[in-house]
Amino acid sequence: MLVDSRIRTVHAGKSGPDPEQEQLVQQLLTSLGPEGVDDVLDGTCTLIYLYMKWLREAHEAHEKDVVEYVVPTLVTSLKMLPKSVPPEAVPTMAGLAIAAAIGLSPTLWRNQYGDWTEAELTPLEATAFLLAEHINRMTDDHNFATRMITEALTQVESGAEREE
């Protein structure tokens, strides 16, 4: 939802985050506690995994390498956001995307380097946002990435209901 909200803000031509929305996000994260924040981080990594999986499959259908075509664009975009993405976070986000591109869990890949730092949280969100926007541009559909995730969640929920 957060990534979708950011995409809608950009497409609406608004610059900068909405202060009211930022306050609501902070309240939500505070109310979740440490375990809830870990769940949000894992969820963001899952989004990155799903986006990179879709991108990998789309590129493989055209006999192209997703790492060669997506990661350089992602890195360039992250480097263009120096206020939000410190330069030292860019290699971590690139590694995270590459891990997802080759089918590794971004969460498990990241765990080998310890806990997330506060300086990495915005770059993580930016990475998910940029990948979603990349998919939306490829499909020429501003809602494709969000719909893709919504459909995946619906399938998971349907499967869970059948098991019960």
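This is a predicted model: local features need pLDDT of at least 70, side-chain atom pairs count only at pLDDT 80 or more; totals for chains, interfaces and linings use all residues.

Biologist: What is the phi of D140?

Modeller: D140 has a positive phi of about 55°, although it is not a glycine. Most residues other than glycine have a negative phi.

Biologist: Is D140 buried or exposed?

Modeller: D140 is exposed, because its relative accessible area is 74%, and the cut-off for exposed is over 50%.

Biologist: Which other non-glycine residue has a positive phi of about 55°?

Modeller: E63 has a positive phi of about 55° and is not a glycine. E63 is found in the loop between α2 and α3. With a relative accessibility of 77%, E63 counts as exposed.

Biologist: Back to α6, then. How many residues does α6 have, and what span should they give?

Modeller: There are 22 residues in α6, and at 1.5 Å a residue they should span 32 Å. The end C-alpha atoms of α6 are 33 Å apart, which agrees. After α6 comes D140, with its positive phi.

Biologist: Let us step back to the whole chain. How many helices and strands are there?

Modeller: The protein chain has seven helices and zero strands. Along the sequence the pattern reads α-α-α-α-α-α-α.

Biologist: What share of the residues is buried?

Modeller: Of the 164 residues in the protein chain, 37% are buried. The chain exposes about 10,200 Å², and carbon and sulfur atoms supply 55% of that area.

Biologist: And what part of the contacts joins residues 24 or more positions apart?

Modeller: Such pairs account for 66% of the contacts in the protein chain with a separation of 6 or more.

Biologist: What about M138: which helix is it in, and what does it touch?

Modeller: M138 lies in helix α6. Not counting residues up to four places away in sequence, M138 touches W54, L55, A58 and H59. The C-alpha atoms of M138 and A58 are separated by 9.5 Å, and these two residues are 80 residues apart along the chain. At 40% relative accessibility, M138 counts as partly exposed.

Biologist: New topic: salt bridges. How many salt bridges does a search of the whole structure find?

Modeller: The search finds three salt bridges. In one of them, the side chains of E120 and R110 meet at 2.4 Å, N to O. E120 lies in helix α6 and R110 in helix α5, so this pair ties together parts that are 10 residues apart in sequence. Both E120 and R110 are buried.

Biologist: What separates K53 and E57 within their helix?

Modeller: K53 and E57 are four residues apart in helix α2, so about one helical turn separates them. They form a salt bridge, with the closest N and O atoms 3.2 Å apart. K53 is partly exposed at 31% relative accessibility, and E57 is partly exposed at 40%.

Biologist: And which residue forms a salt bridge with D141?

Modeller: The partner of D141 is R147, and their closest N and O atoms are 2.2 Å apart. D141 is partly exposed, with a relative accessible area of 22%, and R147 is partly exposed at 36%.

Biologist: One last point, on the surface. Which residues form a nonpolar patch there?

Modeller: I98, I102 and L104 form such a patch, with about 260 Å² of accessible area together. Of these, I102 is found in the loop between α4 and α5 (106–111). I102 is exposed, with a relative accessible area of 58%.

Methods
Residues are numbered from 1 along each chain as its sequence is written. Side-chain values use heavy atoms; hydrogens and water are left out. Patches are made of residues with over 30% relative accessible area and no salt bridge: like charges are joined within 9 Å, nonpolar side chains (Val, Leu, Ile, Met, Phe, Trp, Tyr) within 5 Å. Accessible areas come from the Shrake-Rupley method with a 1.4 Å probe; for residues, only the protein chains shown count as cover. A salt bridge is a side-chain nitrogen of Lys or Arg within 4 Å of a carboxyl oxygen of Asp or Glu. Helices (H or I, at least four residues) and strands (E, at least two) are DSSP runs, numbered from the N terminus. Buried means under 20% relative accessible area, exposed over 50%, partly exposed in between (1.4 Å probe, protein chains only). The expected span of a helix is 1.5 Å times one less than its number of residues. Contact means heavy atoms within 4.5 Å.
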